[in-house]
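These are my notebook entries on one structure, kept in the order in which I looked things up. The structure comes first, and my notes follow it.

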Amino acid sequence: MHMKAKTLSEYKDLRRAIKRKQDQLKRLQGTMEFVTDTVTGSSQSIPYNKKVISIEGYVKTPRHVRVEHTLNLLLAEEEKQYKEIEKWIVAIPTTRTREVFVMYYIQDYTFEQIGRELHIAESTARYWIHDEYIKKNCD
């Protein structure tokens with residue numbers, strides 16, 4: 001599997017963008033109008049007794065439908081890119097390099113924190129492991 005350095009650098013932005021889209025979809029649902037109404041119907045079996053049934057729900061305006069559709073399309077694409085980057089990171093063959101990438105991208109550690117956790121210098125984590133792997137394996 002091949003990864004572009006630019007795509008990898010967008011991983012953290014993708015995570016934030018996905019969260020924003022999810023929040024926007026929740027807020028959008030909160031802006032829909034709640035309506036109640038009644039209808040006349042009957043039971044499904046004999047005798048067909050006429051009765052009034054209360055119904056309630058949310059009304060989606062054309063704007064709600066359009067915005068929800070667009071947000072869902074964007075969210076699906078961003079989640080796809082996000083998962084591709086995670087697959088690439090998980091597939092890194094050497095344990096130490098994979099640990100650095102997982103800690104930096106997925107766990108959101110700084111290189112200083114990675115160095116402390118792995119008992120290596122910050123510069124080793126940043127330049128000799130992270131940057132060198134990107135130079136050799138990314139466009």
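I began with aspartate 108, which is partly exposed, with a relative accessible area of 43%; here buried means under 20% relative accessible area, exposed over 50% and partly exposed in between, with a 1.4 Å probe and protein chains only. I noted that this is a predicted model, in which local features need pLDDT of at least 70 and side-chain atom pairs count only at pLDDT 80 or more, while totals for chains, interfaces and linings use all residues. Residues are numbered from 1 along each chain as its sequence is written, and side-chain values use heavy atoms, with hydrogens and water left out.

**Entry: two loop residues with positive phi**

Aspartate 108 sits in the loop between H4 and H5, where helices (H or I, at least four residues) and strands (E, at least two) are DSSP runs numbered from the N terminus. I read its phi as near 65°, a positive value in a residue other than glycine. Most residues other than glycine have a negative phi, which is the reason I wrote this down. I then turned to histidine 119, in the loop between H5 and H6, and found a positive phi of about 60° there too, although histidine 119 is not a glycine. Histidine 119 is exposed, with a relative accessible area of 72%.

**Entry: helix H5 and its buried face**

Which residues of helix H5 are buried? In this helix, which covers residues 111–118, I listed Phe111, Ile114, Gly115 and Leu118. Seen down the axis of H5, these residues fall within an arc of 100°, so they line one face of the helix; the arc is that of the directions from the helix axis to the C-beta atoms. The buried residues of H5 pack against H4 and H6.

**Entry: helix pairs**

For each pair I took the angle and the distance between the axes, where axes are lines fitted to C-alpha atoms, for helices over the stretch in contact, and angles run from 0 to 180 degrees between N-to-C directions. H5 and H6 pack at an angle of about 100°, with their axes 7 Å apart. That makes H5 roughly perpendicular to H6, given that angles under 35 degrees count as roughly parallel, over 145 as roughly antiparallel, 65 to 115 as roughly perpendicular and the rest as oblique. On the H5 side I found Phe111, Glu112 and Ile114, which meet Glu122, Ala125, Arg126 and His130 in H6, contact meaning heavy atoms within 4.5 Å. The residues of this contact divide into three nonpolar, one polar and three charged, with Ala, Val, Leu, Ile, Met, Phe, Trp, Tyr, Cys and Pro counted as nonpolar, Asp, Glu, Lys and Arg as charged, and the others, Gly among them, as polar.

Next I looked at helix H4 (residues 95–106) and helix H6 (residues 122–137), whose axes come within 10 Å and cross at roughly 100°, so that H4 is roughly perpendicular to H6. From H4, Arg96, Thr97, Val100, Phe101, Tyr104 and Tyr105 meet Ala125, Ile129, His130, Tyr133 and Ile134 of H6; by class, I have eight nonpolar, two polar and one charged residues in the contact of H4 with H6.

Helix H2 (residues 11–30) packs with H4 at an angle of about 40°, the axes being 9 Å apart, and the two helices are therefore oblique to each other. Tyr11, Lys12 and Arg15 of H2 make the contact with Tyr104, Tyr105 and Ile106 of H4, which gives four nonpolar, no polar and two charged residues.

**Entry: single residues**

Methionine 3, in the segment before helix H1 (5–9), is buried, with a relative accessible area of 5%. Its C-alpha lies 7.1 Å from that of tryptophan 88, although methionine 3 and tryptophan 88 are 85 residues apart in sequence.

**Entry: the strands**

Strand S1 (residues 33–42) and S2 run antiparallel and are joined by 10 bridges; two strands pair if DSSP finds at least two bridges between them. Strand S2 (residues 50–59) is hardly covered, since the count of buried residues among its 10 residues is zero.
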